[in-house]
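Please read these points with the sequence and the structure open.

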Amino acid sequence: MRKTTSPEATKQLASTLAPYLRAGDVVVLEGDLGAGKTQFVQGVAAGLGIRDQVTSPTFNILLSYPEGSLPLYHFDLYRLEHPDELEDIGYFETIDGDGASFVEWGEKFPEALPYGYLEVVLESDERGIRTVWAHAFGERSRQLLFLWAKDSKSRLMRA
């Protein structure tokens with residue numbers, strides 16, 4: 001867990017996760033609209049050396065950023081209504097593919113989440129202070145969270 005007090009601090013925290021990501025990692029981002037999910041992905045992208053502008057994939061469902069040290073795939077499942085639509089967008093092939101996948105609103109389709117994933121929950125209060133919670137599901141995600149938490153720049157705390 002960590003609190004951040006600005007969008008830049010949220011991005012900085014996320015950038016500290018980037019060095020530990022590898023192909024096939026899935027990070028499920030949860031939080032209300034405006035909680036900072038896309039800012040989190042922007043920070044990871046910066047940490048991966050991606051220079052493209054990272055925006056919310058709300059209308060595209062999936063945006064790909066292949067030019068960093070690891071390809072980054074950013075899903076927003078908010079507009080999807082049925083799990084069958086995941087097949088249409090190449091969801092399963094992408095999360096099992098050559099990059100790290102960040103999935104906003106993945107909790108809408110819990111049956112479609114992979115066995116192992118890192119869950120990052122962002123909560124924002126009325127002052128704009130965000131609380132970022134991370135939970136690991138599966139062995140690889142536990143390892144990822146352990147490495148990220150050990151990084152002195154992440155300043156993650158046990159909750």
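**Notes on a predicted model**

1. Arg2 is buried (under 20% relative accessible area, with a 1.4 Å probe and protein chains only), yet has no salt bridge. Asp151 is the nearest side chain of opposite charge, 8.8 Å away. A salt bridge here needs a side-chain nitrogen of Lys or Arg within 4 Å of a carboxyl oxygen of Asp or Glu.

2. The model is predicted: local features need pLDDT of at least 70, side-chain atom pairs count only at pLDDT 80 or more, and totals for chains, interfaces and linings use all residues. Residues are numbered from 1 along each chain as its sequence is written, and side-chain values use heavy atoms, with hydrogens and water left out.

3. What does the side chain of Arg2 contact? A polar contact of 3.3 Å joins it to the side chain of Gln12 (a pair of N or O atoms within 3.5 Å, one able to donate a hydrogen and the other to accept it; residues adjacent in sequence count only if both atoms are side-chain atoms). A polar atom of the Arg2 side chain also lies 2.9 Å from the backbone oxygen of Ser154. Arg2 belongs to strand E1, residues 2-4 (strands are DSSP runs of E, at least two residues; helices are runs of H or I, at least four).

4. Helix H2 covers residues 37-47. Eight of its eleven residues are buried, so H2 is largely enclosed by the rest of the structure. Among the buried ones are Lys37, Thr38, Phe40 and Val44. Gly49 follows H2 and has a positive phi, near 85°.

5. H2 also gives the largest share of the lining of the second largest pocket, three residues. A pocket is an open set of 1 Å grid points where a 1.4 Å probe fits, with protein on both sides within 12 Å along at least five of seven lines; lining residues have an atom within 4 Å of a point. This pocket holds about 170 Å³. Of its 14 lining residues, Gly34, Lys37, Thr38, Ser56 and Glu104 lie nearest the centre. The lining divides into four nonpolar, six polar and four charged residues.

6. The largest pocket holds about 320 Å³. Twelve residues line it, with Met1, Ala134, Leu145, Met157 and Arg158 nearest its centre. Strand E7 (130-137) and helix H5 (139-150) each supply at least two, and H5 gives the most, four. By class, this lining has nine nonpolar, one polar and two charged residues.

Technical notes
Grid points are joined across faces, edges and corners, and a volume is the space filled by probe spheres set on the points. Ala, Val, Leu, Ile, Met, Phe, Trp, Tyr, Cys and Pro count as nonpolar, Asp, Glu, Lys and Arg as charged, and the others, Gly among them, as polar. Buried means under 20% relative accessible area, exposed over 50%, partly exposed in between (1.4 Å probe, protein chains only). Lys and Arg count as positive and Asp and Glu as negative; His and the chain ends are not counted.
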